[in-house]
Protein chains: 2
Amino acid sequence: MKPNILVIAGHDPSGGAGIHADIEAIRALGGFASTLITGLTVQNSQNVRGFQLTDIALLEQQADALLEDVDYQAVKIGMTGSVAIIEFIVRLLDRLPGVPVVLDPVLAAEAGGSLTSESLADIMLSQLAPRCEVMTPNLPEAQTLSGKTGVQDCGQALVTASGQAALITGTHDDTELVTNHLFTAAGEQTWQWERLPHSYHGSGCTLASSIACLRGHGESLPNAVADGQAHVDHFLRNAFRPGNGQHVPDRR
Amino acid sequence: MKPNILVIAGHDPSGGAGIHADIEAIRALGGFASTLITGLTVQNSQNVRGFQLTDIALLEQQADALLEDVDYQAVKIGMTGSVAIIEFIVRLLDRLPGVPVVLDPVLAAEAGGSLTSESLADIMLSQLAPRCEVMTPNLPEAQTLSGKTGVQDCGQALVTASGQAALITGTHDDTELVTNHLFTAAGEQTWQWERLPHSYHGSGCTLASSIACLRGHGESLPNAVADGQAHVDHFLRNAFRPGNGQHVPDRR
């Protein structure tokens, strides 16, 4: 059984992040991705230069065509890009009751350049996050979303605001180990991973899609969060460098 | 060494065809895909309902970002969608001298619905095909492009018009075996494959991307054409059915 995973995210032509990352990670973990592209970006492995968001009317037609045809076992949300797109996603999730949703709250692209305005953070937290069983911000994103600074304060604020779980990743720190923290209403769980030597393009997309795919296979949320991190660690250890910038996780 | 393959093609949200097929096939064969999306389509595994082409200015910016950063070992072209996009692609290929290019001359989507006007066939054959070392039409596409009917007449006309090779596939026939014909200036070579029981979404995209990736690995054109067909036969034998319509090749 190959779970169908609905991905709602941006497109990165260089193939490191966005739907390339999602498609590859989901296939590597035995699922199959449908994708609704929220926006086309201009970027390579070195920087992000711009983006053009997709018309809501087209997204609505695409969503109708998919939902008529396919049953989804999980949803992954990446770059949203506008309030209107967040509202479209909320309407779409209303049509998928009971389907687990993983939210990667993309607020800036990893290689620099702002992909979405910080003003989106409020509506993302108040409207979208309550529909998603877990969000997967890195610490800077968690700080922007929650208005707090320390990881525990951020995590508790995100759980309180959303009523859902939050996995805050430590990849953007410079400590010897990467510590990831899962906050739920029941408390906190942490994992530590070796910090690998390079800078990686699309690691956040890869993690969120891996967790979504494992949820689609029927793993519990804590197990999917744990196993998803292990898969990403494996992809990162095999990373390669297609251009002159960041490395790309080898999602196979 | 993981060859970088530049894909210029449409996006199919259902994941069967378009850049999903390209990304998956290229990863399965050990390459890595960059993608320029010529248009966003509305479709599922049952039919194609519409599409919206990408702005040329955005495609130009994306192409600039990619070519500054990455060296490409091969190019695959799928849905073009407009004369302006074909002209953009011809300009782009001028910046990639010596890089092998595989053209899948998409004129209609496999599940029905016209993705491009037949008036594009003329400019595709006169402007684009001469820059591509092989085109991979099915017989109906070869007939539209060449204005001929029989496979030999079509193949010879396409070789004469383009000065390049043409692989005409027999998948859209109803014979017991699928016969594919490679026409070059030197003559004709054929392969026969068992006709599999289902209708498949994205098999043409998968074949062209497989050939491009094998060329990117350094295989000769005849070897890449032969091995590409064998890989696609394998993907088709493992095909699955994500929705209620066509099967999808399992590109792993």
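In this predicted model, helix 7 (residues 203–216) of chain A lies across strand 1 (4–11), strand 4, strand 5 and strand 7 (165–168) of chain A, and runs at about 170° to strand 4 of chain A. Helix 8 (residues 221–237) of chain A also packs on the sheet, where it touches strand 6 (134–135), strand 7, strand 8 (177–184) and strand 9 of chain A. The direction of helix 8 makes about 15° with that of strand 9 of chain A.

As for the sheet itself, it is open, with 9 strands in the order 3-2-1-4-5-6-7-8-9 (chain A) and mixed pairing. Strand 3 (48–53) and strand 9 (187–194) of chain A sit at the edges with a single partner strand each, so one side of each has no neighbour in the sheet. Further in, strand 4 (residues 74–77) and strand 5 (residues 101–103) of chain A pair in the parallel sense over 3 bridges, with K76(A) standing opposite V102(A) in strand 5 of chain A.

Taken as a whole, chain A has 8 helices and 9 strands. Its radius of gyration is 16 Å, close to the 18 Å that the globule rule gives for 252 residues, so chain A is as compact as a globular protein of that length. Some 63% of the 252 residues of chain A count as buried. Among contacts in chain A between residues at least 6 apart in sequence, 68% join residues at least 24 apart.

Over in chain B, helix 4 (residues 120–128) has L120(B), A121(B), I123(B), M124(B), L125(B) and L128(B) buried. The cover over these buried residues includes strand 4 (74–77), helix 3 (83–94), strand 5 (101–103), strand 6 (134–135), helix 5 (139–146) and helix 6 (151–162) of chain B.

How values were computed:
Residues are numbered from 1 along each chain as its sequence is written. Chains are lettered from A and ligands numbered from 1 in the order in which they are written. This is a predicted model: local features need pLDDT of at least 70, side-chain atom pairs count only at pLDDT 80 or more; totals for chains, interfaces and linings use all residues. Side-chain values use heavy atoms; hydrogens and water are left out. Two strands pair if DSSP finds at least two bridges between them. Helices (H or I, at least four residues) and strands (E, at least two) are DSSP runs, numbered from the N terminus. Contact means heavy atoms within 4.5 Å. Axes are lines fitted to C-alpha atoms, for helices over the stretch in contact, and angles run from 0 to 180 degrees between N-to-C directions. Buried means under 20% relative accessible area, exposed over 50%, partly exposed in between (1.4 Å probe, protein chains only). The radius of gyration is taken over C-alpha atoms; the globule rule is 2.2 Å times the number of residues to the power 0.38.
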